[in-house]
Amino acid sequence: MKSGKSTLAAWLHRLGAEDLEQVLAARPDAVSPPEPRSVSELAERLQRPGSVALALPRLTLPALQAAEALAALSAPTSREALTDLLDATVDETARGLEAALQTLSTYALVWPDGEGTLRMATPLRQAWDTPLGLDQPLATLLKDTTSEELRRMLTALGVRPPGTKPQRLASLVEHHSDPARVAAVVARAPAETRKLLERKADPAYRPQAFVLFGGQSTPDTGAHWALERGLLVQGRYGYGPVRMPAEVALALRGPGWHAPFDATPPVTPLVPVSPAEVDSEASAAATAFAAHAASVLSVCATTPPARLKSGGVGTRELARIGKAARCEEPVVRLTLETAYKAGLMARDGDRVATTDAYDTWAESEPAERLPVLLHAWWALGLTPTQARDNDDKALPALAATPSCAGCLHARKGLLTAASLLPAGQGAKNAAELGPLGHWSRPLAEALPQDATPFATVIREAELLGILARGALSPIGAALLADSTEELADACHRLLPTATTTARFGSDLTAVVTGTPAARLVTLLDSVADRETSGTASLWRFSPASLRRALDAGHSPDSIEADLAAVAAGPLPQPLSYLITDTARSHGRIRIASAACVIHGEEPALLSEIAIHRKLSGLGLRHLAPTVLVSRTPLEKTLAALRNEGYAPVAETTDGTVRVERLRSPRATAPVPPPRRAVSRPSTSSRTTATPKQAEPAELATRLAGAPLAHPAPDPGNSIPFATDTEEIIAGYAPHIPHADVRQLAHAVDSGTAVTIEYVATTGSRTIRTVSGLDLDPPYLYAWCHLRDAERVFTLSRIHGVMPPA
């Protein structure tokens, strides 16, 4: 049997440019810069365990079930064997199996070879410890068995043993591969043995996980008879658990047992729904969220939320923001997380403050604001509205908590499921889209608090107007298609323009329907208190709110003129009276700020100090003939007066003269010099973004015309490395193939992030995304995203490289 890599490379080499383009589009991580130069290098990348792990969550349930069945059959295997195991013989299931195999081939996880059998990527087989509850095949379990032990097994079965060990093993495998022969042998077994074998063959059976270290394990009652005949296998000298070969388990399950295979999606109760109804509900939800988001971020721009010491934003701050913005906590959570992801907010010390990008966002129309938050939600690695047991990190993204790819796949699975509904039909209840979403993405994250699949994600999609009336809205369709232009068009069509006028009532309120414009919000927030927001927002005027505007420097005439400019009609008389009455009492009492007070019994001396040129920087001002106030703190004022020849004394808080005693200075402890380390990269360089990739069609055409394999660099044979960086890394990192060497060298030279598999001195393996790489053989200095700190890696301990997820 050929190795998986060469077989996959040969299959890829036989594909046309169009089919190869589909593979490249389905597995974009395998073609990240530097692009593969041959299909052999492409096959090497496609079979990285990390790359296969990224592809698995995108599979539908039937494709995943077909892959598990192939793993249980120990591919390569025939299509007929797979069809029989899945019972995919009738038209509907046969078409489902064909579609599942086509999906697996598109992802280059399973492919047909020239002999009519199906092969699969080795890392895909390793995704299951016991696929379908089946252990390893007999040939694998008995590979360390002696020839004499094989002879005794064959003799006990009544089979004449051949002469060599390989022949004996092949003979035993052939015997146990025939279900009829296995059934006949088991029929002659003692009752205890038959009971034990039936229990171990049950698909629901799971062996005990507890094993005594360093000791022999005692076989179950009745196991000895089965061990003598190879129906069960145990390690040499009685060590290890008693295991049942896959061939024996399948034979005992009988011809009527088949692996589960859900070829068709689950039935979702549907109701008729017109596109106009979907648009109407999506418009209402999207408009309300856009208005709420503007209110939440406006509150945060005025008073940035504080971060807890453990990270994130606590529930107390969330409640404060929700009360000020007049919206519910889930909306606050969703707004803050998406705004942070979109760069509208950033961590600033112990707070989360709005950025310059927020100012531009706030000035734009609602149809331009919403896509920014929608794109951020689509890429979020968490569910913001999810209720958490640990409220210390109520908003984990703001606490730099690692993302979860399962949430991304949950969103895509949900929207894919909604797109499968017939035209003009919607789910009777949006929650009933959950099972269909699970069928589309069975490996997507399941949240423990969800009573039905994807309940939290469905709720978020409804809040954003992505799902409406149980169907996919135009906004959701544009997100699923990953089309920025379609999303912009859908938002402009569904969201109204910002409202620039308000209706003022005689009850001292101002009402704005729709989403208020940024300038209108700024004006009304400065003179009134917001009470509600959403599809209609309400502000209420009071003496306190108008006094706030007067304190900010506005005059009563300017306030009335500004309000009249945005009023849909004349200003009500009660509002004009309130402005006039509040302005009349404003400023009747004044309070001056002072850092310290200078007083004495000689008015002439204080007048001299007040007009002294060299003391003008103190900010002195007369409050009385014998009292001066200074804007400069006491110690600096005292020193300045003494420098000019005056002899002031300082007072304590109770008015007595302060006695000053000089203390001898003490040296501080020396600060040790910092260790050598790579400087912390900027925020942009610490992201996991990769350079722009080549178009799949262009790269597919190039690879289709390229040779099967590109000659590996070998300076001894006059085949040089492409760059000096590649040559250095290849010399110090012997455990990684040349494709990984190229990827790591590209990350060093281009300054982009990369993911490495690293083996520490303790032998533990970790997966780390690193950026800001600085090569200093035999070490690699980098910023580690896992530890959020600078780290030094030994090149020889790097065992794998791939682009960041």
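Biologist: In this predicted model, what is the order of the strands in the open sheet, and in which sense do they pair?

Modeller: The open sheet has three strands in the order β1-β3-β2, and their pairing is antiparallel. Strands of a sheet pair through backbone hydrogen bonds, either parallel or antiparallel.

Biologist: Why do β1 and β2 stand at the edges?

Modeller: β1 (77-78) and β2 (110-112) each have a single partner strand, so one side of each is left without a neighbour in the sheet. Helix α5 (residues 61-72) packs on this sheet and touches β1, β2 and β3, while its direction makes about 100° with that of β3.

Biologist: How do you know that β1 and β3 pair?

Modeller: Pairing asks for at least two bridges between the strands, and β1 and β3 (residues 117-120) are joined over two bridges in the antiparallel sense, so they count as a pair. Within these strands, Thr 77 stands opposite Leu 118 in β3.

Biologist: Why is the pair of Trp 377 and Trp 378 called tilted?

Modeller: The ring centres are 6.3 Å apart, and the planes stand at 35°.

Biologist: What makes Trp 377 and Trp 378 buried?

Modeller: Buried means under 20% relative accessible area; Trp 377 has 0% and Trp 378 has 12%, so both count as buried.

Biologist: How do you know that the charged end of Arg 229 sits over the ring of Trp 225?

Modeller: The charged end of Arg 229 is 3.8 Å from the ring centre of Trp 225, where the distance must be within 6 Å.

Technical notes. Residues are numbered from 1 along each chain as its sequence is written. This is a predicted model: local features need pLDDT of at least 70, side-chain atom pairs count only at pLDDT 80 or more; totals for chains, interfaces and linings use all residues. Side-chain values use heavy atoms; hydrogens and water are left out. Rings of Phe, Tyr and Trp (its six-membered ring) pair if their centres lie within 6.5 Å; planes under 30 degrees apart count as stacked, over 60 as edge-to-face and the rest as tilted. Buried means under 20% relative accessible area, exposed over 50%, partly exposed in between (1.4 Å probe, protein chains only). A charge sits over a ring if NZ of Lys or CZ of Arg is within 6 Å of the ring centre and within 35 degrees of the ring normal. Helices (H or I, at least four residues) and strands (E, at least two) are DSSP runs, numbered from the N terminus. Contact means heavy atoms within 4.5 Å. Axes are lines fitted to C-alpha atoms, for helices over the stretch in contact, and angles run from 0 to 180 degrees between N-to-C directions.
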